[in-house]
Each structure stands twice: as C-alpha cells, then as structure tokens.
Amino acid sequence: MKAYNLTDWLPTTKKEVELRGWDELDVILFSGDAYVDHPSFGAAVIGRMLEAQGLKVAIIPQPNWRDDLRDFKKLGKPRLFFGISAGCMDSMVNKYTANKRLRSEDAYTPDGRHDMRPEYPTIVYSQILKKLYPDVPVIIGGIEASLRRLTHYDYWQDKVRQSILVDSGADLLIYGMGEKPITNLCKHLKENNCIPTDILQTAYVCNKEEFEAQENDLKLFSHEECLKDKKKQAENFKHIEEESNKYAAQRIIQETGKKVVVVNPPYPPMTQGELDMSFDLPYTRLPHPKYKNKRIPAYEMIKFSVNLHRGCFGGCAFCTISAHQGKFIVSRSKESILKEVKAITEMPDFKGYLSDLGGPSANMYAMKGRNEAMCRKCKRPSCIHPQVCPNLNTDHRPLLDIYHAVDALPGIKKSFIGSGVRYDLLLHESKDQEVNRSTREYTRELIMKHVSGRLKVAPEHTSDKVLYIMRKPPFEQFERFKKIFDRINAECNLRQQIIPYFISSHPGCTAEDMAELAVITKRLDFHLEQVQDFTPTPMTVATEAWYTGFHPYTLEPIFSAKSQKEKLAQRMFFFWYKPEERKAIINELRRMGRNDLIDKLYQKKLSKS
C-alpha cells in the first residue's frame, strides 16, 4: 500500500497550510460533510479541480457555527473566494426522516454524529462569512444550493421559500456538477477582480433596476405570485424541469421582491475526457487523518465501489438526479475505470470484492441517442417514460466489456452491482437484434455473476395509475423480470433474492392503491423491507404536485396523502404480514368497502363482529 503524508490531503488547518510552505490561500472551501478525499465527495472533487489549476486551496469541513466562529477565521481570507457546500445531501433530507423525525445518524460525519452541521448549512455558513469578510465573494454550490436555486417548496418548514441566493446573501450559485463552472469562474477571477454574470450553469441576484433582459429569456411567475397562487408555482416547475433537461436551454429569470434571480443555461454534457480528468485527480481515496480512523458511514459504503457514469435519463417524478446531474449520460473511459479499480486493489483492507460497479442507475453506461441531433431538440424529462425512446441506443455491450475487463484484473475475486438496475431497459425490444442479444446476455451475466445474494430493483408501486405519475414502467414489467430472475437462479442452482423498493403516499396514491399493493406483493411472496414514505424534496415534479395539488404538466388536480393519519393508513399496508398491523388493516379495508381484499390478505372470510 502507498504510504501517505499529511500534505497528500488538501490542508484543513493553519499548520497544514504552513507545511506546504504557503503564506496565502486562493480559495477556502467550507463543507457540511467530513473531508473524505474521494471522487464521490463533492468538496474533494472541487478542491482537487482547483488544485489542478495551480491554485492554493484549503477545505474546512463541518465548521463549528455555535462558538466564537474560530473555524471561520482560522485561515483568514482567501485571495479569490470562499466556496460553500452543505454536503453530498440536502441537509434537511440528511437530518430528518419523511415523518420529520431526527435520523439516528449522519452518514457523512465521523461516528455518524448528527450534531455536526446546522440546518441549511449553505445559508448559515454564507451569512457568517459575509459578516466576517464582506468584501470576499461567497460562491455556493452542491445539491442543497442546486435544488433551491429558484422559488421552491420546503417540506420541513411547510412553506414556499425564495431562492437560496437571496436567503444566503451569496454572490454566485453554481448548480449541477460543478467542475466546468468552477474552472471557468477561477479563470475569470484570475484576470478580473469581479464576479462574472455570464458563466453557464450559474445563478445570481441583481436589483430590478440593474437587470438587463435578453430576447430569449424565460420569465417565471414571481416569488410573490407563487406565494398567492399554487397553480402558478406548479406551472413554473414544468419550465424549470424542461430547461434543466435540454442541450440548449434558455436563461431563466424570476422576480423576488425588489430583486431578480437569474439562472444561466447549463453547460452541454461533459466530454468523456473531461469526466475522466475529474476522476483521475490525485485523490488519496481516504478520510483525512484528523478523524483518526473513526467510522464515516457513507465512506464505508462506497470505499470499494466505482462510479462508471454520470446522469440518468429515467426522469422519475420523485428523484433529483436529473435536476442535478442532468439526463444525458456521460461515461468514463475503460482506462479511467480500470485505473481506479487497480487503486482499490492496493488498499490494505480490500479483500477482492468490489461492492458496486454502478452509477445513478446501474445499467445506463454509454447509452445515448443514436441521432444526437434529435436529442439536441428534445425536452422530454425522461428517455424511457412513457415508453423507451426509439432513438435511444440501449446496447449493453460496452457495460459487459467493463465488467469483463474489471473481473480479469489481478486481485479482483468478484464485482457486485449495488446500484439499482432498470429492468425496463432489460425488457426493451430494440429493432436491432444484436442489441437485444446483448441485453439478454447482460441480464444473465448480471444474475449469475454480479448479485451479492440480493438484487436491488425499484418498481416503487403496483398501481399502473400511480406508476404513470411516478414516471415508472407498468408493474407487469417487474413481474416479467422477476420470472426471468427466478428462472436463471433455478437453472444455475443459485439461492438469490430480488429486493424491491416501494414508496407510499406518493402524489396520486390512495389507501386503496396501497391495499391492492399489499395483495399483489403477498401473491408474489414478498415480505417488504425496503419501503419508505414519499419525502417531498426541492425541485422534483412529485414535490410540486404534492404541495400545490396540481400536476405541473397538466395542471389537473391531484390527490396526495398529507396528514400523519393518511400517511400511516397507507404505510401500514406494506406490513400486512405483521400481527400487530392486522386489526387496523382489516378495519381500514372495511371502511373503504373492500372486504374482497380482506379475504385475499387473510385467506378466510372474517365475521363483522
């Protein structure tokens, strides 16, 4: 194993800065997460990208915001700017469950402690730095800032909030994956002593009298209009999502009080070379030594896994991936992937088993439109809903090639696929028979060689009405895939399970839909484990439908279970097999007049006594 010195990590203290012989820093990054020097952790990626430009960069992870603010003062002020990220998750999703209860641990903190970051760190850190150093630019980014760049519904406060730019007082917001905008921002700041307003994939705020409109601007309903009219908030979201999923998007503007929030269009997707460069930076792949080998749950989960691509064209209604990473797949080269796998094999506690060769979805590697000119004109949020786009190349051969190359490396005993598999891609019949052959080969190899006993898939529901709203395939496809899974297991004498994920209380879902889900999953002999209540998170179509009561694309009314009583009435149907739930389920089925489902769940007819 390679031996590392303290200077192999980006500095986090004044002593570490001095060890490098620096007397001034160009950029200081503040992160709500612990500092893990790994390509799955955003602060490390941005820090290494800036370092590659020759800049002197430090990271201050999880600063104490409750004392005399010494963590915010200890490195002084940087020459260019402060950068802020709340971490790899929205801080409120990270801190609270769907029922707004405090989570038992923070996965991105040593020993899982949940008191090491404030609520909304982006706002808290920005306001502190703006008070301490009013003349130093503050740049915010990461998923919390990215998904809150415009007026949005905040589930935890149950209110519509204005752009996080206004609340934080930051000078610029970088949305999405930040390598390209941060690189261009630094090039600009080296030459000009001012924050630019024309960099792609950034957002900024200006006073109304200073704002200069452009011919193709897309003007949203103002923040104040959204506060008064939920339908306008829903209508806004359709435009925001469409512009997030276009090659050539419009500039979005939204008035908020006396200010205007301006969101510049995103960059085109990264090239393979650009993505490789981001992953090939000199990460140690380890937590900073300051943590003294304390357990960081998120790191333990991914330390023997490899991310093959970015982006997801699924467009699921409840998911934020396409809003942050985009729907266009950008895949790493085989050389870059193998380089990372070889680095993992040299880690001292690696036993030969890769936990995941995956991505946002396990089997979208190298997939894109056959005719990219058609993709450039498209604004569909999903390439596979309501059906697979005929222009999408669903060839699994490049992914099989990666699996074979990785498994052939010395030190690799087995590579597992831990990311969720899109079975609708595996069932899709292309007009190209070679592509269909590759899909069948992939399905068989996946089940035979890459399942660690349990394969994760996400049907999410059994009701086709609810699934359509979720932008998920009909449940019949899951049943078809399960039959294939069971058949291949039987042929190969394997005892493996398929683990389905389900959601209750999603917009459009009723208690009766959940009752039917219970009957169907019982028929399939599932005792469900991987289940959750729908959690409204900023910038998803499902959240806007849940809050406003209107579907953003049709503006038709849509039902959502909102009260604790309604949510529990739905959730209990997941656990029909538990004796303690039986009485409440029977009473609920009788209330809705579905005695037929009582018979199906509990075999024999029960008296009404």
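Mentor: Let us begin with a term that we shall need: helices and strands are DSSP runs, numbered from the N terminus. Please keep in mind that this is a predicted model, in which the mean pLDDT of the protein chain is 95 and 99% of its residues reach 70 or more.

Trainee: Where does pLDDT stay under 50?

Mentor: That happens over residues 605-609, a stretch for which the model has 9 contacts beyond four places in sequence.

Trainee: How should I read a pocket, and which element gives the most to the lining of the second largest pocket?

Mentor: As a general idea, rolling a probe the size of a water molecule over the atoms shows where empty space is left. In this structure the second largest pocket has a volume of about 600 Å³, and 27 residues line it, with Y247, I329, K368, G369 and E372 lying nearest its centre. Both β14 (330-331) and α15 (372-377) supply at least two residues of this lining, and α15 gives the most, with 4 residues. By class, the lining of this pocket comprises 16 nonpolar, 6 polar and 5 charged residues.

Trainee: How many cavities of 30 Å³ or more does the structure hold, and what lines the largest cavity?

Mentor: There are 6 cavities of 30 Å³ or more, and the largest cavity has a volume of about 470 Å³. Its lining is made of 34 residues, of which Q201, P266, Y267, Q325 and G326 lie nearest the centre. The elements that contribute two or more residues to this lining are α8 (179-191), α10 (230-244) and α13 (321-325), and α13 gives the most, with 4 residues. Sorted by class, the lining of the largest cavity has 16 nonpolar, 11 polar and 7 charged residues.

Trainee: At what angle do α16 and α18 pack, and how far apart are their axes?

Mentor: In general, two packed helices are described by the angle between their axes and the distance between the axes. Here helix α16 (residues 397-407) packs with helix α18 (residues 433-449) at an angle of about 35 degrees, and their axes are 9 Å apart. The crossing of α16 and α18 is left-handed.

Trainee: Which residues in α16 and α18 meet?

Mentor: On the α16 side they are R397, L399, L400, Y403 and H404, which meet E434, V435, S438, E441, Y442 and E445 in α18. The residues of this contact divide into 5 nonpolar, 2 polar and 4 charged.

Methods: Residues numbered from 1 in each chain as written. Predicted model: local features only at pLDDT ≥ 70, side-chain atom pairs only at ≥ 80, totals over all residues. Heavy atoms only, no water. Axes fitted to C-alpha atoms, helices over the stretch in contact; angles between N-to-C directions. Left-handed = near helix turned anticlockwise from the far one by under 90°. Contact = heavy atoms within 4.5 Å. Nonpolar A, V, L, I, M, F, W, Y, C, P; charged D, E, K, R; others polar. pLDDT = per-residue confidence, 0-100. 1 Å grid on protein atoms, 1.4 Å probe; cavity = no way out; pocket = protein on both sides within 12 Å on 5 of 7 lines; lining within 4 Å. Points joined across faces, edges and corners; volume = space filled by probe spheres on them.
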